[in-house]
Amino acid sequence: MTFNDIFKSSFLESVTEFSAVDTLIGMVFALIMGLFIFTVYKKTFNGVMYSSGFALALVGLALVTTLVIMAVTSNVVLSLGMVGALSIVRFRAAIKEPVEIVYLFWSIAVGIVIGAGMIPLAVIGSAIIGAILVLFANRKVHENPYLLILNCSDEKAEKEALEVAEKAVARFAVKSKTVNVSGIELTAEVRMKDAETTFVNRLSSVNGVNQATLVSYNGDYMS
């Protein structure tokens with residue numbers, strides 16, 4: 001075998017036939033599933049700042065992954081080269097919320113499944129995942145805790161403020177307490193009985209309470 005015999009076959013001859021109709025159907029379903037993931041992410045988002053770029057990336061990931069899997073399944077040689085090419089891809093964007101990883105893998109999984117031709121599996125699986133995420137996200141909103149920050153001038157004012165707060169909320173747990181020459185700073189996690197926050201006004205009117213602040217808290221950030 002000569003050197004020319006090794007390269008006798010051209011690149012185009014090594015690529016097998018593909019169906020334009022199947023490709024179009026797969027890309028359409030990938031777009032629909034990507035938009036579904038986009039909608040679920042937007043509906044369940046509870047972070048500080050909504051990123052439209054990340055949401056759009058979910059749709060793009062589904063489409064790109066579907067296209068890649070269709071190409072891989074059509075040719076063995078191409079699949080080996082694709083594995084090597086994808087091995088150098090790295091995510092450089094910072095993940096602000098742990099749940100965003102779920103949406104990234106969901107979008108990639110949908111693209112893989114649709115590209116492999118298992119469209120019913122992608123549709124049924126996405127419907128189940130979306131329903132679960134929406135259900136738990138909506139339930140979490142109603143149990144959203146708050147942080148109450150009190151600045152008191154002395155111990156007497158602290159006791160009076162705590163009595164008012166404990167009667168007004170369903171749950172009260174002290175998280176930190178700082179004492180210095182300027183007074184007492186107390187931070188507590190509270191869970192509301194309802195959406196009423198007028199008890200903060202009563203706290204600020206207590207003699208010796210310099211400031212009363214109520215902020216939303218989910219364990220990772222304050223808003």
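**View 1. Glu189 forms a salt bridge with Arg191.** The closest N and O atoms of this pair are 3.5 Å apart. The model shown here, and in every view below, is predicted. Glu189 counts as buried, because its relative accessibility is 11% and the limit for buried is under 20%. Arg191 counts as partly exposed, at 27% relative accessibility. Lys175 joins the picture too: Lys175, Glu189 and Arg191 are linked in a network of salt bridges.

**View 2. A salt bridge joins Glu158 to Lys177.** Here the closest N and O atoms are 3.0 Å apart. The pair links distant parts of the chain. Glu158 sits in helix α8, while Lys177 belongs to strand β2, which covers residues 169–180. The two residues are 19 residues apart. Glu158 is buried, with a relative accessible area of 7%. Lys177 is partly exposed, with a relative accessible area of 46%. That value falls between the cut-offs of 20% and 50%, so Lys177 is classed as neither buried nor exposed.

**View 3. Asp154, Glu160, Glu163 and Glu166 form a negative surface patch.** Glu163, one of the patch residues, lies in helix α8, which runs over residues 155–168. Patch members must have over 30% relative accessible area and no salt bridge.

**View 4. The side chain of Thr66 reaches the backbone oxygen of Gly111.** The distance is 3.4 Å. This falls within the 3.5 Å cut-off for a polar contact. Thr66 lies in helix α4, spanning residues 52–74. Is Thr66 buried or exposed? Thr66 is buried, because its relative accessible area is 0% and buried means under 20%.

Methods
Residues are numbered from 1 along each chain as its sequence is written. This is a predicted model: local features need pLDDT of at least 70, side-chain atom pairs count only at pLDDT 80 or more; totals for chains, interfaces and linings use all residues. Side-chain values use heavy atoms; hydrogens and water are left out. Patches are made of residues with over 30% relative accessible area and no salt bridge: like charges are joined within 9 Å, nonpolar side chains (Val, Leu, Ile, Met, Phe, Trp, Tyr) within 5 Å. Accessible areas come from the Shrake-Rupley method with a 1.4 Å probe; for residues, only the protein chains shown count as cover. A salt bridge is a side-chain nitrogen of Lys or Arg within 4 Å of a carboxyl oxygen of Asp or Glu. Lys and Arg count as positive and Asp and Glu as negative; His and the chain ends are not counted. The place of a charge is taken as NZ of Lys, CZ of Arg, CG of Asp or CD of Glu. Helices (H or I, at least four residues) and strands (E, at least two) are DSSP runs, numbered from the N terminus. Buried means under 20% relative accessible area, exposed over 50%, partly exposed in between (1.4 Å probe, protein chains only). A polar contact is a pair of N or O atoms within 3.5 Å; within protein, one must be able to donate a hydrogen and the other to accept it, and residues adjacent in sequence count only if both atoms are side-chain atoms.
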